[in-house]
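Please walk through this structure from the whole chain down to single residues.

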Amino acid sequence: MPHDGRKVIHVDMDAFYASVEQRDDPSLRGRPVAVGGSRARGVVAAASYEARIFGVRSAMPSVTAIRRCPDLVFVPPRFDVYREVSQQIRAVFARYTALIEPLSLDEAYLDVTQDQAGLGSATAIANAIREAIRAETGLTASAGVSYNKFIAKLASDQNKPDGLCVIPPTHGAAFVASLPVKRFHGVGPVTARKMEALGILTGQDLRDRPLEFLQRHFGSYADYLYGAARGVDHRPVRAHRIAKSVGAERTFETDLSDRAGLQAALERVVDAAWSRINRSGVSGRTVTLKMRHSDFRTITRARSAAHPIADRAEFLAIGLELLDQQLPVPLGVRLLGLTLSGLATGEEDEGSGPVQVELPL
């Protein structure tokens, strides 16, 4: 399988928010824990592995989580603590490479093609990182080691929790072929359902479709899917990657037109979006509403504040203001989205990464 000699590690903390809460409160250890929401309302931001056994997951409404796990313990999120722990983890990464691409507070890609610590292999570096995280934070991390970002991320999920999975170039295509496409990064629920309707359930199914077929059904996304199905991904690890915007959107089974229904729908969008904003550890000043009407006409409306948006309540208030400006909607609305942009992380640029040399997995 052609590749460019890079060695990539994807590190993913295990049930990060919930694990921090269980670390800091011994009474929560071994119990099903949900961070965020409450027994009465709201949305689960994160769930412990004990809760996941019952099917509780992030972005799930609290009432649904309670039905699945009546003994679920809700704890309020402490994002300042999570950010502090995340900085500890990033400091560990920096001992082994300058090429770090954070995806959120609890996961990142690392390019370790250059053996900065002199450990001899990418696998040894991944093990050293996991051991240091455990020793210094009391938390566990899983890692995937491979020759590109796509497979490294898949591998990090393979042996969770507290696991390591190494996929060398000779095994990349076969590894991808064996997995369900719904596990592929970038294949969300909507795309997964579309693939299922087309008879594409596994990486092998995807590989069996010619590029022209994928272009017809998936447009500009086809080239990425075509390469991914073959274990090919040439995207570099981009140090100090900063997202342009963070948010969420939802498509409704039935078009909405009355204000009460649209407001309730926007609140659910805000729950999902604000959870992602907190996970990303960013702040921003611009709120953008996306609205798609039943005739597929799509509009966006934005408002910028003079200061970073302080909390979920302010984010929702601006979203509702933007929504009210579009009412009434005689044709109905099939999709709503809300994003935060003009983002900052507070991290300083540390310059470009080192020249890379060959390192074994």
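Of the chain's 361 residues, 48% count as buried, where buried means under 20% relative accessible area, exposed means over 50%, and partly exposed lies in between (1.4 Å probe, protein chains only). The model is a predicted one, in which local features need pLDDT of at least 70 and side-chain atom pairs count only at pLDDT 80 or more, while totals for chains, interfaces and linings use all residues. Residues are numbered from 1 along each chain as its sequence is written, and side-chain values use heavy atoms, with hydrogens and water left out.

The accessible surface of the chain is about 16700 Å², and 52% of it belongs to carbon and sulfur atoms. These areas come from the Shrake-Rupley method with a 1.4 Å probe; for residues, only the protein chains shown count as cover. The C-alpha trace spans about 65 × 55 × 45 Å along its principal axes. A compact globule of 361 residues would have a radius of gyration near 21 Å, and the chain, with 21 Å, agrees with that. The radius is taken over C-alpha atoms, and the globule rule is 2.2 Å times the number of residues to the power 0.38.

The chain has 13 helices and twelve strands. Both are DSSP runs numbered from the N terminus: helices are H or I with at least four residues, strands are E with at least two. Among contacts between residues at least 6 apart in sequence, 65% join residues at least 24 apart; a contact means heavy atoms within 4.5 Å. The chain carries 45 positive and 41 negative charges, and their mean positions are 5 Å apart. Lys and Arg count as positive and Asp and Glu as negative, whereas His and the chain ends are not counted. The place of a charge is taken as NZ of Lys, CZ of Arg, CG of Asp or CD of Glu.

Now to the start of the chain. Aspartate 12 lies in strand 1, which covers residues 8-13. Its relative accessibility is 15%, so aspartate 12 counts as buried. Leaving out residues up to four places away in sequence, aspartate 12 touches Asp106, Glu107, Ala141, Ser142, Ser156 and Lys160. In the loop between strand 1 and helix 1 comes alanine 15. Alanine 15 is not a glycine, yet it has a positive phi of about 45°. With a relative accessible area of 7%, alanine 15 is buried.

Is helix 1 enclosed or open? Helix 1 covers residues 16-24, and seven of its nine residues are buried, so it is largely enclosed by the rest of the structure. The buried ones are Phe16, Tyr17, Ala18, Ser19, Val20, Glu21 and Gln22.

Two of these residues take part in aromatic pairs. The whole structure holds nine such pairs. Rings of Phe, Tyr and Trp (its six-membered ring) pair if their centres lie within 6.5 Å; planes under 30 degrees apart count as stacked, over 60 as edge-to-face, and the rest as tilted. Phenylalanine 16 and tyrosine 82 form a tilted pair, 6.3 Å centre to centre with 55° between the planes. Phenylalanine 16 lies in helix 1 and tyrosine 82 in helix 4 (residues 79-94), so this pair ties together parts that are 66 residues apart in sequence. Tyrosine 82 also forms a stacked pair with tyrosine 17, at 4.3 Å centre to centre and 10° between the planes. That pair links distant parts of the chain, with tyrosine 17 in helix 1 and tyrosine 82 in helix 4, 65 residues apart. Both tyrosine 17 and tyrosine 82 are buried. Phe16, Tyr17, Phe79 and Tyr82 form one aromatic cluster.

The peptide bond from lysine 160 to proline 161 is cis, with omega near -5°. Proline 161 lies in the loop between helix 6 (149-156) and strand 8 (164-166). Aspartate 162 is found in the loop between helix 6 and strand 8 too, and its phi is near 55°, a positive value in a residue other than glycine. Aspartate 162 is partly exposed, at a relative accessible area of 32%.

A cis peptide bond also joins leucine 327 and proline 328, with omega about 0°. Proline 328 sits in the loop between helix 13 (312-324) and strand 12 (333-341).
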